[in-house]
Amino acid sequence: MFGKGPGSTAPPAAPPKASNAPRGGPSSKASGGIPSPKGSGVSKGGTPQQPKNSSRAKQDAFNELKTRIHRKLVEQLDLSSLEGNDDQLRSMVGEVVNQLAEREDTLLSYNERKRLVSEVLDETFGLGPLEVLLADESISDILVNGPQHIFVERGGKLEKTEIRFRDNAHLMHAIDKIVSSVGRRCDEVSPMVDARLKDGSRVNAIIPPLAIDGPSMSIRRFGTDPLTWDDYIRFKSCSPEMCDFLKACVGAHLNILIVGGTGSGKTTLLNNLSSFISFDERIVTIEDAAELRLRQPHVVRLETRPPNLEGKGAITIRDLLVNSLRMRPDRIVVGECRGGETLDMLQAMNTGHDGSLTTVHANSTRDAVQRVETMVMMAGFELPVRAIRQQFASAIHLIVQAQRLTGGLRKITTITEVQGMEGDIITMQDIFKFETLGTTHDGKIHGQLVATGLRPGFLDRLKSHGADIDMGMFERRVLCRDED
């Protein structure tokens, strides 16, 4: 857990206002589990909220009280020596916070006492004011633009919250908690960092002097209940036929490239495609910040390392990819190719590591080919374009495009077969695709997933690996349609 050590001495955050604070805060077990009286200004998740009529002076006094109690707590307890699960620790430390609050010569109401305990515990074990947002499962992104401006995304729409950090130092303390827990740092020497939370959520932070208006942090959340293929089908992000086809392709050791723009769901799709890999295969995953959560028992997870204070010791995806070839992998899964490692990935796919998977930022399948060409050139070799395209055409069998549509809907919009080369052109054909029909009254695009009527050229390979393919799935027809 974050902030478990005795060094968590940063001043706590200013209490959030009640007007727009998200629901679903941390558990109230630390305060004894006493139910809140109706209309007490306590959020549904158990985190008391600040009354609307509180003055600035009262807020400052409350902050000073939290600071004193938090410091006394750290002085009195060796938090690193405590044992138990999260709820037990919060309950035990909550009792100590209650005792410290009683010794203060300050009159606190029931709600103020409960809020005090909750916020001190959030500072001690979590990320302070962000805990109430992290507890809200409806939030998909948390965007911190300095200590006073925090935005969240719900249902595909951004909204500003009333959550605040006390100052830049308080926000920097939360960033340090996150990055230090995964062995990274964020300071003036290295002012940009990628990290992750315990639940796998992706974190990016950038601080002054690069961030002019104060530290900035973005948290791309992975839900506690990850999406499955049943969810894809229920949300009409893909059809059952498309799911069966992708399962057969992964089982037949086809090399698959996942493409899409930012926030289109590439990593989630990669994780779900990996679920089709047999449990008796050795898998090596390579990522900048470990996010994939594979269910197979034989998985080796590799993560890049930034340079040290002297600017040395960096380990890149390319270094890990080259090393993975000596680890006897049955499958190589690269979180994202964004540079010269793309050439090594294509060569690995062409030299016996069939069934490998990776993602690339691109807006279409044709754009993906051009982007791969550019990234291969970044490897430092002056290869002719035709040679790069030949490598691509022989390495990649299938391209799956994920797209975030207007209104926040995410879909698998095309499943494309790479057929080969005709002259200097890579030939491809769409097996399944999404057709747009219009826009709903609330601005969301709706359409239909269709089979194009074209059969892939690798059907014999699918059958040789035991796939039970129904030829009817490839007939030209509508597979599923969004509601208008």
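## Strand S7 and its partners

Strand S7 is joined to strand S12 (residues 398-404) by 4 bridges, and the two run parallel. Strands here are DSSP runs of type E with at least two residues, helices are H or I runs of at least four, and both are numbered from the N terminus; two strands pair if DSSP finds at least two bridges between them. This is a predicted model, in which local features need pLDDT of at least 70 and side-chain atom pairs count only at pLDDT 80 or more, while totals for chains, interfaces and linings use all residues. Residues are numbered from 1 along each chain as its sequence is written, and side-chain values use heavy atoms, with hydrogens and water left out.

S7 also runs parallel to strand S11 (residues 357-361), with 5 bridges joining them.

Because 5 of the 5 residues of S7 (residues 256-260) are buried, the strand is largely enclosed by the rest of the structure. Buried means under 20% relative accessible area, exposed means over 50%, and partly exposed lies in between (1.4 Å probe, protein chains only). Ile256, Ile258 and Gly260 cover one side, with Leu257 and Val259 on the other.

## The nonpolar cores

A nonpolar core is a set of buried Ala, Val, Leu, Ile, Met, Phe, Trp, Tyr and Cys residues joined through side-chain atoms within 4.5 Å. The largest has 44 residues, and those touching the most other members are Trp229, Phe245, Leu273, Ile412, Phe432 and Leu462. Helix H7 (residues 240-251) gives the most to this core, with 7 residues.

Leaving out residues up to four places away in sequence, Leu273 touches Trp229, Leu246, Val250, Ile256, Ile258 and Leu357; contact means heavy atoms within 4.5 Å. A second, separate core holds 33 residues, including Met349, Ala362, Ile399 and Val418.

## Thr161 and Asn168

Let's turn to two more residues. Thr161 sits in the loop between strand S3 (157-160) and helix H5 (168-181), and is buried at 2% relative accessible area. Its side chain reaches the backbone nitrogen of Ile163 at 3.3 Å. Neighbours within four places in sequence aside, Thr161 is in contact with Leu133, Ile150 and Val152.

Asn168 lies in helix H5 and counts as partly exposed, at 36% relative accessibility. Beyond residues up to four places away in sequence, Asn168 touches Pro147, Gly214 and Pro215. The C-alpha atoms of Asn168 and Gly146 are 7.0 Å apart, although 22 residues separate the two along the chain.

Technical notes: A polar contact is a pair of N or O atoms within 3.5 Å; within protein, one must be able to donate a hydrogen and the other to accept it, and residues adjacent in sequence count only if both atoms are side-chain atoms.
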